[in-house]
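Work through the exercises below with the sequence and model at hand. Each task is followed by a stepwise solution.

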Amino acid sequence: MLTLNYIIRRLATAFAIVIGILVLTYILIYLSPGNPAYTWAGRPRGPKAEEAIKMAENELGLNKPLYIQIYIHVNRFFSGDWGLSLRFKQPIIVVITRNLIASLELLIISFSIAVPIGIFLGVISALYRGYLIDKILYLISSLFISFPRFWIAIIFSVLLQSLGINIFGRIAPDYTLSINYVTGSYIIDSLINGRIDIFIDVLIRIIPPSLIVALYPTALTIRVIRFSLSEKLHEEYVKQAISFGLPRNKIVYKYALRGIIPAVSQLQGITFAYSIIDAATVENIFNREGIGSAIVKAIPYNDYPLIIGLLAVTGILFIIINTISDIIQVVSDPRVRI
Amino acid sequence: MNSYVKRYSYRVKSPIRVFLGLLRFNRKFLIGFTIVLTISILSVIGLISPPYYLEGWGIVTEDAMKRQGLAPCIPFNCPSIYHLFGTDDMGRDLLSRILVGAHLALIQMVSVIITSIALGILMGVIAGYSNIYIEKIFTYVMELFIIIPSMVLAAAFITIIGRGMQSVILALILTWSPWYARLTYILVRQLRELDFIRICEAMGFPRTYIMFRHIVPNVAPLIFVEAITDSSSVLVEITSINFLIGAASLTSIDLPDWGMIVGYGVRYIRTFWWISFFPGLFIAVTAFGLILLGDGLSEYISPWLKRRWRLWF
């Protein structure tokens, strides 16, 4: 079973990595060629440029020794004072929470589509290895892995436009003012407000992009399950279950599949990190808010503070996801806990 | 003996014979190799003589302005017999831009893959075959860099260094090399328990000698096959980041990078679909070829994956 010792050690490692990411972001600021304050202020030009650079220098504390600068940077992060976004003219923490929730909504829905379908198709593919259905599934999965998701999204959006269906954006413009802003995720907010019409509208708008984002994790899950389940089916305990005369579904889903939960959960943790790029590109095509749209808006303005904040926050998000997948791995497979 | 090492152990043949055998007997490898070879030849053609050389490199010529009258829709020419894939917002021929951009995509992908394999093997071997403190430090660094999202790191490099291939390549090397480092580390930890390493240690060979003479040659082929399978994901990741740069750009982009052309064309998607469609098609076909190539190789290493079996229960 899961020991407290392991959890504490895992959390300590996660915390060390959080600190590492924050220090790394500061090193990125510090090592930028030329004056770091100039980059931090967004490469200003014009009459007020010197003033802006002075302010940035004060914010970063550049006249102090390096370890104190790093200490100030880490401290500012934990107290929630991340500065002001140059592009959005809002506190960075507000901008990031808004965009991160929008992206997470998309990613969570696409993963809850991808994982069951991927496991089901992967089991079929492993059981009928070498047969026609396995070949078809192989072709489909390699197409979905290799085709760039933004290209599929472009084709999809062109098709939708030619059919005259307009489901771009996160929510219909008429509804934006008639909803109370509670969590930032429109799906939950509409349910809290008790507006079923808004809920359906938001759900219809989120499903096409999340289906496209789901293609990659589905395909990868099919491949990994095909690979590892064929191995598991030759093990002794599966043979024993077969000799007991248990039904096939029970053998596969209850015994054999249990052995590959660690591999699958680790895979999902990794794929989540990769899929955020897909989410970023698909968001741009479907005109949704999110991390990708925030980056696209930040780059032309040289909005360096926002990008550094995003780097820290997405890094921490991945740490949380990886820690969860590690704990799932330990619960299902005691051998990992060493 | 450990399962991972045992699974991948196979008889050593000369690489040329392996290659010819794969071409003859493995259909996936054959198709993938043909696609990748075609794209490489197209990239060479794009460097030597694309239909409109200057337009391919992003220069708006006077011809481009004159030629706009030939097709019915101006200035975005539809795909026609004069311009197979149409023209973009400045009247530049898209086919030449795609052909010129082919070598950029290949160069970015290959440089990322090769550098991250080299760095990853070096880091993984040092981490797996050193004392415990160095091992701890290296595994910490690996975990740290695996966590960092490549997209945001690339955006940070773009604001620091400037827009261009170098920032994307740098970001991807930093995020892909820890993968190979971790894989190498796992393999090395299994290898160092085996007899031939133990014997070398007992004979008193220096550790660096054992590392590079005995461990690296055993690890490198497996990492190499893994990297070829991953290369399609690397290509899609590079083009996705370039897509974001293209979508962020306020003015038209001169550099004929595939991802950037697609990303820049997204703003015209409602009316002029071909700007984004054709470069994306090329990305998709190249990535598909690469994944077939990698699968063919991994089928060679673990042939039981291909074998048909009877469901006997």
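**Exercise 1: an annotated domain**

Task: find the helix and strand content of residues 106-294 of chain B, and how far apart the end C-alpha atoms are.

Solution. Over residues 106-294, chain B is 83% helix and 0% strand, with the end C-alpha atoms 16 Å apart. Helices (H or I, at least four residues) and strands (E, at least two) are DSSP runs, numbered from the N terminus. UniProt, in an unreviewed entry, places "domain: ABC transmembrane type-1" at these residues. Its positions follow the numbering used here, feature names are shortened, and annotations may be inferred rather than shown by experiment.

The model is predicted: local features need pLDDT of at least 70, side-chain atom pairs count only at pLDDT 80 or more, and totals for chains, interfaces and linings use all residues. Residues are numbered from 1 along each chain as its sequence is written, with chains lettered from A and ligands numbered from 1 in the order in which they are written.

**Exercise 2: two listed segments**

Task: describe residues 137-162 and 168-188 of chain B.

Solution. The unreviewed UniProt entry lists both under "transmembrane region". Residues 137-162 are 85% helix and 0% strand, with end C-alpha atoms 32 Å apart. For residues 168-188 the values are 100% helix, 0% strand and 30 Å.

**Exercise 3: one residue**

Task: is I16(B) buried or exposed?

Solution. Locate I16(B) in helix α2 (residues 15-25) of chain B. Count neighbours: I16(B) is exposed because it has 8 C-beta neighbours inside 10 Å. The cut-offs are 20 or more other C-beta atoms within 10 Å for buried, 12 or fewer for exposed, and partly exposed in between, with C-beta atoms placed from the backbone.
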